Amino acid sequence: MARISLQVNNQHRVVETDPGTPLLYVLRNDLQLHGPKFGCGLGQCGACTVIMEGRAVRSCTTPASAAQNRNITTLEGLGSLEHPHPLQKAFIDEQAAQCAYCMSGMILAAKVLLDTNPHPSDDQIKQALNGNLCRCGSHLRVIRAVKRAASVNA
Amino acid sequence: MSLNDISRNMESPLVSRRSVLKGAGALVVYFNIFDPLTAVLAQESAEPEAASLDSWLAVDRNGIVTVFTSKVDLGTGVETALGQIVAEELDIPFSHIRMEVGDTTKTVDQGITAGSRTIERAGPQLRQASAAARQQLLKMASSRLGVPAEELVVSDGIVSAPGTAKKISYGELVGGKPFNVHIAATGEGWDLKVAPDVRAKNPNDYKIVGTSVPRVDLPPKFTAQFTYTQDVHVPGMLHGRVVRPATVAAKPASIDEDSVKNIPGVVKIVREGSFVAVVAESEWAAIQAAKGLKVTWTTPQTKLPANADAVYDYLENTKSFANRPVVNRGNTDQALAGASKKYEATFRWPFQMHGMLAPSCAVADVRGNKAIIWVPSQGPFDTRARVAKLLGIPEEQIQVIYREASGCYGRLGTDDAAEDAVVMSRAVGKPVRVQWSREDEHGWEPKGPAQLLTVRAGVDANGKVVAWDFLDRSFPWTEANGIPLVTSRQLGLHADGQGMMNGSGGGGDTYTFENQKIIAAAIPWVQPDPTPLRTSPLRAPGDLARVFASESFMDELAAGQGEDGLKFRLRYAAPNKRATDALTAVGKLANWQERPSPAREATGDVARGRGIAISARSTTVVAAVAEVEVNKSTGAVSVKKVSVAHDCGLVINPDGLKNQIEGNVIQGTSRALMEEVKYDSSGIKNLDWASYPILRYEDIPNVEITLIDRKDMPALGGGEPSIGPIPAAIANAIFDAIGARLREAPFTPERVLKAMRSA
């Protein structure tokens, strides 16, 4: 067991855990942040995506030790029901989901894209999200939502 | 942790129906079936009965209406659509609706959420209950206001007498109190008829139904405020994982418990019958223990097939246990014998996965002879019945609570997970959350069945189709309705049936031929032990394969006569007005140019083609046109655009329906181009997303949709039907591009190249 200090959604958090525990379980079970989702545990589907130091990472294959003293953002860290982040608002406006199990990962991957490229083309959006799987087939709506959020950036 | 965190993440015992009636600000009385005191309360409010209006609706003092339904939202937005139907009938704003779904102690059993039947069947049940409630509220208002009921009008939940100042709200009339009104109710499940004699609104007066009300579930989902089954947290909960063999549910000959003794937090290795699982204090410990536990399995008696060819041979040569004649008109054999030209083709459809993004999960709390289960089951009452059988306790002592998971697209491992959780919770005496791994899910989800389809047709001297003979040989759904699931079978329950047929529509029944025979045959597939190739319904069950075969073959007949595919279809669909309308609409939407296939235009590496197909599922009709590019060197197919004309009668929520259609097109494209379960006698070969790829952003087609809204018809299903014609439309577009027929799905580059070589 080890003490891991993390900066999660701008809050300092400390957990006692096996340092090999994937960050996903630290976030979900120790910190009760249910935004990131378990989808494969293999880094293949993107449901567990969180932002660590400005990059989209797969929390299911990132050991807790690698998150020591890092800044981490989960879906909870973007906005709230009352005050949604522009991306969350754009996803609502475009009704860009069905089950939405993958959408925490999609929204965070999109945030990393827009943070580095505020006005992406369709192809750039597709490329940025290509590693995030969606079984319901909400892809076209997600692309529209990301473009809508980007237009708010203008 | 803030109080908000606790209340959000902790799964409370249930809010009783009584507390809902007390409404905002009232003392909320919780009960659960473990608590003897609240059990009395529960009895007082009794099991919901269809003939009691209070079983369907409750109005609080603020006029907020809680709707009780056993129909669950599988991620399709149906909860919003059902809420629209109720709001419309009661004349209240949609924002006043609260949905209480899928709890066996609070809802009437309206049957499983499946078959695209929720809007079609549960819609009228809720509409009629609402109409009965409105009638009752008007009666109460009449008495309170001293105005005859027929002179009253309702707007936004306020009853008023026009031309007077008299008015009263629903909240004032009944708020916090039950209706205590008996309503007519006959039949059960999908066939339940509620208050059938009460007159409902004229659809021409609809203001809420038919509009794109935004989905109620999406804002909380996008802000991480939504509780999926995976997020359910019960105080004192432990974490469980199953340990299953790679091939067949053989028996554990030995278990080396020492193999996981170094993993801290392991609570118990559970072994019952041939069921093996681990329970641990943390999820990570459970994962490591499940992976590390050394189990030696006995050699199973049941063998997996050696390869796909062996499966198709078996399908071809095994006697069916059921034959469903879908159409039998004229004398097909005689007409075939006398035809000028004869056509025949055989089509293959592989086992496919549901491929649920969230592996199966359930939470169970078993205490003595009672249990509560949180599960994303399509049929909470079905789950209750299965668990009752497994535990050997009465159904009334089990409470099943629906919590959503990822989109499921057919019955799959979620009910298995419920059984797993129940067995583990019973073994450790604490609540247990079971989460399957990705490998468990790909390996052990029940698969969509393989199918072998044969079509024969005869054409007369004038190029007219005079005979149509269609035979679907399919595995049934072994895991649906009655066949015990994996854990039950590992604990000793035996299969006592053959399973249910894999549907039967789509074999050319859209058309009328003088002599026409369409048969769906079910080939036995119950194995002595459960295997990873056990089967269950997969979205629009069986339709994709049947429509792939029948609509490819229609295309072949059209091309054989040098005719345009759309015009040819319209001729034989003429007696079917809705099919004719859908074909015409999709032709217009796709800017269809009349000409025979193939296109024969490409000179370079990339050939372009367009293809059309139509199908009906239950009573919904869908026509689609696919536009593809085929790389003639690599065989790669890229679907550029799919146009869909969709007729499901009266449309409840146009944007919600379009969302479903877009998803169907994309999932259908994925199943057509890339999805196939690979196996040999040692097990399933695709146990992750790398080996079972699905369509990604880079390959997504554009989708254009025409909704044919029929206000004079009932509202029909939209969850599945539009996936039906997609593979066929793509196959026909490939033929149009390269002049070669694909007869086996998925349409991989290898198969495309092979088809080109033999064309």
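Q: Where is the place of Ser504(B)?
A: Ser504(B) is in the loop between helix 14 (486-490) and strand 24 (515-522) of chain B. Keep in mind that this is a predicted model.

Q: Okay, and is Ser504(B) buried or exposed?
A: Ser504(B) counts as buried, because the cut-off is 20 or more other C-beta atoms within 10 Å and Ser504(B) has 23 C-beta neighbours inside 10 Å.

Q: Which residues is Ser504(B) in contact with, leaving aside neighbours within four places in sequence?
A: Those are Arg324(B), Val326(B) and Ala520(B).

Q: Switching topic: what about the largest nonpolar core, how many residues does it have?
A: That core has 281 residues. Among those with the most contacts inside it are Ala362(B), Ala624(B) and Ile734(B).

Q: And what does Ala624(B) touch?
A: Not counting residues up to four places away in sequence, Ala624(B) touches Val586(B), Ala613(B), Val642(B), Ser643(B), Val644(B), Pro725(B), Ile726(B) and Ala729(B).

Q: Now the helices. At what angle do helix 15 and helix 19 of chain B pack?
A: Helix 15 (residues 543-560) and helix 19 (residues 726-738) of chain B pack at an angle of about 35°, and their axes are 8 Å apart. The crossing of these two helices is right-handed.

Q: Which residues make that contact?
A: Helix 15 of chain B brings Leu544(B), Val547(B), Phe548(B), Glu551(B), Ser552(B) and Asp555(B). From helix 19 of chain B come Pro727(B), Ala728(B), Ala731(B), Asn732(B) and Phe735(B). By class, that gives seven nonpolar, two polar and two charged residues.

Q: Sheets next. What's the strand order in the open sheet of seven strands in chain B?
A: The order is 13-14-11-21-18-19-20, and the pairing is mixed. Strand 13 (266-272) and strand 20 (398-402) of chain B stand at the edges with a single partner strand each, so one side of each has no neighbour in the sheet. On average, neighbouring strands are turned by 20° against each other, direction ignored.

Q: How many bridges join strand 13 of chain B to strand 14 of chain B?
A: Six bridges join them, and the two strands run antiparallel. One pair to look for is Val270(B) with its bridge partner Ala277(B) in strand 14 of chain B.

Q: Which strands does helix 8 of chain B lie across?
A: Helix 8 of chain B lies across strand 11 (238-242), strand 13, strand 14 and strand 21 (432-435) of chain B, running at about 145° to strand 14. Helix 12 (residues 414-428) of chain B lies across strands of this chain too, including strand 18 (361-367) and strand 19 (370-375), and runs at about 35° to strand 18.

Q: What order do the strands take in the open sheet of three strands?
A: That one goes 6-7-8 in chain B, with antiparallel pairing. The twist averages 25° from one strand to the next.

Q: Let's go to chain A. How many bridges join strand 1 to strand 2 there?
A: Seven bridges join strand 1 (residues 2-8) to strand 2 (residues 11-17) of chain A, and the strands run antiparallel. Ala2(A) stands opposite Thr17(A). The hairpin has two residues between the strands, and Asn9(A) takes a positive phi near 50° there.

Q: Why is helix 1 of chain A largely enclosed by the rest of the structure?
A: Six of the eight residues of helix 1 (residues 23-30) of chain A are buried, so the rest of the structure largely encloses that helix. The buried residues pack against strand 2 and strand 3 (49-52) of chain A, together with helix 8 of chain B.

Notes
Residues are numbered from 1 along each chain as its sequence is written. Chains are lettered from A and ligands numbered from 1 in the order in which they are written. This is a predicted model: local features need pLDDT of at least 70, side-chain atom pairs count only at pLDDT 80 or more; totals for chains, interfaces and linings use all residues. A nonpolar core is a set of buried Ala, Val, Leu, Ile, Met, Phe, Trp, Tyr and Cys residues joined through C-beta atoms within 7 Å. A residue is buried if 20 or more other C-beta atoms lie within 10 Å of its own, exposed if 12 or fewer, and partly exposed in between; C-beta atoms are placed from the backbone. Two residues are in contact if their C-beta atoms, placed from the backbone, lie within 7 Å. Two strands pair if DSSP finds at least two bridges between them. Helices (H or I, at least four residues) and strands (E, at least two) are DSSP runs, numbered from the N terminus. Axes are lines fitted to C-alpha atoms, for helices over the stretch in contact, and angles run from 0 to 180 degrees between N-to-C directions. A crossing is left-handed if the near helix is turned anticlockwise from the far one by less than a right angle, and right-handed if clockwise. Ala, Val, Leu, Ile, Met, Phe, Trp, Tyr, Cys and Pro count as nonpolar, Asp, Glu, Lys and Arg as charged, and the others, Gly among them, as polar.
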